[in-house]
Structures are given as C-alpha cells and as structure tokens.
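Please examine the model below alongside the following explanation.

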Amino acid sequence: MEVSPIIWKSLFIYTKMEFVYTAFALGALGSFHCVGMCGPIALALPFPGKASSQRLLGSLLYNLGRIFTYGCMGALFGLLGQSFAMAGIQQSLSVGLGVAIILAVLLPPTLTRRLNPNTKLAGIIARVKQQMQHLFGMRTYPSMFMIGSLNGLLPCGLVYLGLAGATASASISEGAVYMLLFGLGTWPVMLLATFFGQWVNLSLRNRIRSAMPYVVACMGIVFILRGMSLDIPYLSPKLIKDQQAGIPICH
C-alpha cells in the first residue's frame, strides 16, 4: 500500500523535532537548579498586591517574561546554527558541542572557572541587574513581565546548555521552539517556588543539583549521537544533504 507523501513528510518533521522535545525534559530536570539560582528573585518579586490572584498573575507574567527571552535567544542561536548548516558543518557542530559539554562536566572546577564566559560579560550583567533593581520598585504587572525578561539574560549554566541545543538545531524556528520548551519545563517548579519557596526541601534540592552533571553529560551524548547520523530513529536520525541548499536534513 502506497503511503501518502504528506504522511512521510509528517514523519520526517516529527523525527527532526524529537531532538527539540528533549529541551522540555532538560528544563524540568534542571528546574530545581533554577530554584537554587533564581529562587531568591522569585521569593522577592514585587507583586502589585497581596491577594492570591494578584500574586498568581504576577508570577505568571514574570515566568512568561523569562520564557519570552529564552525564545528570542533560541531564535538567534538557531540562526547561528543555521549558518553552520549552510556551510555543511552541522554534524561537526553537533559533535563538537557534545564533546565540549562532556568536557565541561569532567574537567576540574578550577579550569572551568577560567573558561567561564561570565567574566567577559560582567559589564552587561551589572547593567541588567541595575535595571532589575529599578523595576522592583514599580510593583506593576508590566514590570513583572520585564523583570522576568531581564532575568532570562542573567548567566546560568543550564541556559547555556539549552542554547547549545538551540544552536545544534540549525534552525531559527526550531531554536526558538527548543528554548521555549526549555523555559516551559522550568515553569512548574519556579511557579511553585513563588508561593512555597520557603518550604522547598533543601536536601532534596541539593540531591537533584548533584545529579545535574549526569543529566548534562547525557545531553552531551545526545548531541554527539545526533551529529554522527547513525540512522537511529529519534536519537540519531540519518542526515542527507539537500542538493540545492546544501543543508543536512533528517531522512
């Protein structure tokens, strides 16, 4: 029985997007790390009022701002990855990112601190924090969204990992979707932290945080397998090169 070309196209798109869906899992698994890093900001948010409905709406706007920023950054890094794909080195990029991620886990902290990009971005980070302090004094719904948007720009190793995935997607749209799903993955725990942050079990948070290197290493392995094009469904799809555009696509 002949299969409709539309069905085949849908299957190809699904296979290609399967890699993107790992972003939600990354955000969900790393959300306790987010509570540890951004929890103080979430607990100190300047809600417009004390009513539960006002706190809920304010928290939703704050997290929506974070996710909006993640989506914009994902599109930019997806564009960067697309330029690599057009140069015919998408597979090498994916493998290289995977190796770099695994090395970041294995290398001693004294060495990784020297390679930390935050030192080069210190001036920008300081201006972002200064603007956030200004917004904290407004106590309006728009300011809640803006605080979240600026918070999305603050340095975070988990966000860097997400941006690596957006770059490996080699697509503006998929890069944006990757980071949007990553942000959505962090949303449930961050939303709960706004209301129940003082009751979050510290030992549980530390245990999950200690497991993060293993999660990060697994993501690095996924990047490597995807770049190797081993024809493994959903994990390492076979990439064929479009003869006209020179862009590898999933087959």
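**Helix packing and selected residues**

In this predicted model, helix H6 (residues 122-136) packs against helix H7 (residues 141-151) at an angle of about 165 degrees, and their axes are 10 Å apart. Angles over 145 degrees count as roughly antiparallel, and H6 and H7 are therefore roughly antiparallel to each other. Their crossing is left-handed. On the H6 side, the contact is made by Val 128, Gln 131, Met 132, Leu 135 and Phe 136, while H7 contributes Ser 143, Met 146, Ile 147, Leu 150 and Asn 151. Sorted by class, the contact of H6 with H7 comprises seven nonpolar and three polar residues, with no charged residues.

Two residues belong to this part of the chain. Arg 139 lies in the loop between H6 and H7. Although Arg 139 is not a glycine, its phi is positive, at about 55 degrees. Its relative accessibility is 49%, so Arg 139 counts as partly exposed, given that the exposed class begins over 50%. Ala 122 is located in helix H6 and has a relative accessibility of 45%, so this residue, too, counts as partly exposed. Ala 122 and Pro 155 are 33 residues apart along the chain, and their C-alpha atoms are separated by 9.7 Å.

The next element to consider is H8, which takes part in two of the helix pairs described here, one with H4 and one with H3. Helix H4 (residues 90-106) packs against H8 at an angle of about 165 degrees, with the axes 9 Å apart. H4 and H8 are therefore roughly antiparallel to each other. H4 passes H8 in a left-handed crossing. From H4, the residues Gln 90, Leu 93, Ser 94, Leu 97 and Ile 101 make the contact, and from H8 the residues are Leu 161, Ala 164, Thr 167, Ala 168 and Ser 169. The contact of H4 with H8 divides by class into six nonpolar, four polar and no charged residues.

How do the axes of H3 and H8 cross, and at what angle? The axes of helix H3 (residues 52-86) and helix H8 (residues 157-169) come within 7 Å, with a crossing of roughly 45 degrees. H3 passes H8 in a right-handed crossing. In H3, the residues that meet H8 are Tyr 70, Met 73, Gly 74, Phe 77, Gly 78, Leu 80 and Gly 81; their counterparts in H8 are Val 159, Leu 163, Ala 166, Thr 167 and Ser 169. The contact of H3 with H8 is formed by seven nonpolar, five polar and no charged residues.

Apart from neighbours within four places in sequence, Thr 167 is in contact with Phe 77, Leu 80, Gly 81, Leu 93 and Leu 97.

Ala 170 is found in the loop between H8 and helix H9 (172-196). Ala 170 has a positive phi of about 55 degrees, although it is not a glycine. With a relative accessible area of 10%, Ala 170 is buried.

The description now turns to the whole chain. The protein chain contains ten helices and two strands, and along the sequence these elements follow the pattern α-α-α-α-α-α-α-α-α-α-β-β. Of its 251 residues, 40% count as buried. Among contacts in the protein chain with a separation of 6 or more, 80% are accounted for by residues 24 or more positions apart. The accessible surface of the protein chain comes to about 13500 Å², and 70% of this surface belongs to carbon and sulfur atoms.

Definitions and conventions
Residues are numbered from 1 along each chain as its sequence is written. This is a predicted model: local features need pLDDT of at least 70, side-chain atom pairs count only at pLDDT 80 or more; totals for chains, interfaces and linings use all residues. Side-chain values use heavy atoms; hydrogens and water are left out. Axes are lines fitted to C-alpha atoms, for helices over the stretch in contact, and angles run from 0 to 180 degrees between N-to-C directions. Helices (H or I, at least four residues) and strands (E, at least two) are DSSP runs, numbered from the N terminus. A crossing is left-handed if the near helix is turned anticlockwise from the far one by less than a right angle, and right-handed if clockwise. Contact means heavy atoms within 4.5 Å. Ala, Val, Leu, Ile, Met, Phe, Trp, Tyr, Cys and Pro count as nonpolar, Asp, Glu, Lys and Arg as charged, and the others, Gly among them, as polar. Buried means under 20% relative accessible area, exposed over 50%, partly exposed in between (1.4 Å probe, protein chains only). Accessible areas come from the Shrake-Rupley method with a 1.4 Å probe; for residues, only the protein chains shown count as cover. Angles under 35 degrees count as roughly parallel, over 145 as roughly antiparallel, 65 to 115 as roughly perpendicular and the rest as oblique.
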